[in-house]
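Notebook open, model loaded. I want to go through the fold piece by piece and jot down what I look up.

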Amino acid sequence: MNTQLVSLDRGRLVTTSMIVAETFGRKHYNVVRDICTLMAKCPEEFNALNFEGVEYTDSKGERRPMYNLTRDGMTLLVMGYTGEKAIQFKLAYIDAFNKMEAMLAKQEKERLIAQAKRYLPMPEPQDIHPLCL
């Protein structure tokens, strides 16, 4: 099973329809069908933001459809899935998003601190009261 459930794609956190299929033990074309069914029921704006149609090359060298799914798109898709695999995937997905979000927040904080140090005189860490850290 693919252990990276979430990746960063052009600044967005996404998973793919392939990962959903692999995780749930479903045929990928059935997951694509489920996505298409959802898209027919959702506003176009939601679809554009949460379901990105892309392609992959299969083992025979043929191009096949696949979707990149945002957190909202994946959540909507798998809300209807049931069973132990569904629960485990949902929990793993939430955990992966939370970890990625925390990592990005830490990077942003470090970037802002580095930027502030360039413009503001900063006291040495031993001079900062512990409650201010």
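What covers the buried residues of H1? I found that the cover includes E2, H2, E4, H4 and H5. Buried here means under 20% relative accessible area, with exposed over 50% and partly exposed in between (1.4 Å probe, protein chains only).

Ground rules before going on. This is a predicted model, in which local features need pLDDT of at least 70 and side-chain atom pairs count only at pLDDT 80 or more, while totals for chains, interfaces and linings use all residues. Residues are numbered from 1 along each chain as its sequence is written, and side-chain values use heavy atoms, with hydrogens and water left out.

**Entry: layout**

I counted five helices and four strands in the chain. Helices (H or I, at least four residues) and strands (E, at least two) are DSSP runs, numbered from the N terminus. Along the sequence I read the pattern β-β-α-α-α-β-β-α-α. Buried residues come to 29% of the 133 residues in the chain. I also looked at contacts between residues at least 6 apart in sequence, and 54% of them join residues at least 24 apart; contact means heavy atoms within 4.5 Å.

**Entry: the sheet**

In what order do the four strands lie in the sheet? I get E1-E2-E4-E3, an open sheet with antiparallel pairing. Two strands pair if DSSP finds at least two bridges between them. E1 (7–9) and E3 (51–57) are the edge strands, each with a single partner, so one side of each has no neighbour in the sheet. On average, neighbouring strands are turned by 50 degrees against each other, direction ignored.

Then I went pair by pair:

- E1 and E2 (residues 12–16) run antiparallel and are joined by three bridges. Serine 7 has valine 14 of E2 as its bridge partner, and leucine 8 has leucine 13. The two strands make a hairpin with two residues between them, and arginine 10 in the turn has a positive phi of about 50 degrees.
- E2 and E4 pair antiparallel over two bridges. Threonine 16 is bridged to asparagine 68 in E4.
- E3 and E4 pair antiparallel over seven bridges. Threonine 57 has arginine 63 of E4 as its bridge partner. Their hairpin has five residues between the strands, and glycine 61 there takes a positive phi near 85 degrees.

E2 has four of its five residues buried, so the rest of the structure largely encloses it.

**Entry: helices on the sheet**

H2 lies across E3 and E4, and I noted about 55 degrees between H2 and E4. H5 packs on the sheet too, touching E1, E2 and E4, and its direction makes about 155 degrees with that of E2. For these angles, axes are lines fitted to C-alpha atoms (for helices over the stretch in contact), and values run from 0 to 180 degrees between N-to-C directions.

**Entry: H1**

Back to H1, which is mostly covered, with six of its eight residues buried. The buried ones are Ser17, Ile19, Val20, Ala21, Thr23 and Phe24. Glycine 25 follows H1 and has a positive phi near 65 degrees.

How do H1 and H2 meet, and what is the angle at which they cross? Their axes come within 9 Å and cross at roughly 120 degrees. H1 and H2 are therefore oblique to each other (under 35 degrees counts as roughly parallel, over 145 as roughly antiparallel, 65 to 115 as roughly perpendicular, the rest as oblique). Ser17, Met18, Val20 and Ala21 of H1 make the contact with His28, Val31, Val32 and Ile35 of H2.

**Entry: the core**

Which residues touch the most other members of the largest nonpolar core? Of its 23 residues, I listed Val20, Leu69, Leu77, Val78, Tyr81 and Phe89. A nonpolar core is a set of buried Ala, Val, Leu, Ile, Met, Phe, Trp, Tyr and Cys residues joined through side-chain atoms within 4.5 Å. The elements giving two or more residues to this core are H1 (17–24), H2 (28–41), E4 (63–69), H4 (71–79) and H5 (84–119). H5 gives the largest share, five residues.

Leaving out residues up to four places away in sequence, phenylalanine 89 touches Leu5, Ile19, Val20, Thr23, Phe24, Met74 and Val78.
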